[in-house]
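Let's take a walk through this fold, one neighbourhood at a time. Keep the viewer open as you read.

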Amino acid sequence: MRKFIVPIILLFAVNTAIAQESTDKDMRWISLADAEAAARQSPRPVLIDLYTDWCGWCKVMDKRTYRNKNVISYLKEKFYTVKLDAETRSAVDWQGKKYPFNTQYKTNEIAMALTGGQLSYPTTVIIPAPGETPQPIPGYLAPNELELIVKYFGDGAYKRMPFPEFQKKFKSTW
């Protein structure tokens, strides 16, 4: 009986290490409320992946972009990342306001607020700093397309130069 204890414990330890390793390599998503609170304590941009369950390109972005090791590494270091279902029926609190589900538009009003009423999925929304205007970027973004945008905000270039100037100088590495 004793000779089976060591292999079982070893197998458990290996499985635990593998599970931890895959967790560390995955994108870390937090709630919008948690991102807002964290950004107040330690300011950094917030990236919101605004999606719907029925959106095919949202699923492609999850598989291709948000599983890319460069994307994951950079976003973990520079952003608070939020995955937000635009059609959630639960009220969403953000910046002291409660956003309900809107039955007429079949979407949560937070999606309309974040996109300026231009609903499109997926939409990547960047909030550069607490209290700043959300910057919605509609459509699927491949890793190299996302790189341009997140580095503009994540490295603080948006404070120093207009986006077209940054884009001209930018060299993709992803």
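Which residue lies over the face of Y74? K151 does, at 5.8 Å from the ring centre. A charge counts as sitting over a ring if NZ of Lys or CZ of Arg is within 6 Å of the ring centre and within 35 degrees of the ring normal. The charged end of K83 sits over the ring of Y51 in this way, 4.9 Å from its centre.

Before going on, a word on ground rules. This is a predicted model, with local features needing pLDDT of at least 70 and side-chain atom pairs counting only at pLDDT 80 or more, while totals for chains, interfaces and linings use all residues. Residues are numbered from 1 along each chain as its sequence is written, and side-chain values use heavy atoms, leaving out hydrogens and water.

Now zoom out. The chain comes to seven helices and eight strands; these are DSSP runs numbered from the N terminus, with helices being H or I of at least four residues and strands E of at least two. Of its 174 residues, 43% count as buried, where buried means under 20% relative accessible area, exposed over 50%, and partly exposed in between (1.4 Å probe, protein chains only).

Helix α4 (residues 69-78) packs against helix α6 (residues 143-154) at an angle of about 15°, with the axes 11 Å apart. Axes here are lines fitted to C-alpha atoms, for helices over the stretch in contact, and angles run from 0 to 180 degrees between N-to-C directions. α4 and α6 are therefore roughly parallel (angles under 35 degrees get that name). V71, Y74, L75 and K78 of α4 make the contact with P143, L146, V150, K151 and G154 of α6, contact meaning heavy atoms within 4.5 Å.

Just after α6, G156 takes a positive phi of about 80°.

Rings of Phe, Tyr and Trp (its six-membered ring) pair if their centres lie within 6.5 Å; planes under 30 degrees apart count as stacked, over 60 as edge-to-face and the rest as tilted. By this rule there are eleven aromatic pairs. Take W94 and Y99: their ring centres are 6.4 Å apart and their planes at 45°, so the pair is tilted. Y152 and F153 have centres 5.1 Å apart and planes at 80°, so that pair is edge-to-face. Ring pairs also link Y152, F153, Y158, F163, F166 and F170 into a cluster.

Next stop, T52, in the loop between β1 (46-51) and α3 (56-64). T52 is buried, with a relative accessible area of 2%. Its C-alpha atom is separated by 6.3 Å from that of E87, 35 residues apart along the chain. Neighbours within four places in sequence aside, T52 is in contact with C58, D85, A86, E87 and Y121.

Elsewhere, Q95 has a positive phi near 50° without being a glycine, in the loop between β3 (92-94) and β4 (97-99).

Methods: Angles under 35 degrees count as roughly parallel, over 145 as roughly antiparallel, 65 to 115 as roughly perpendicular and the rest as oblique.
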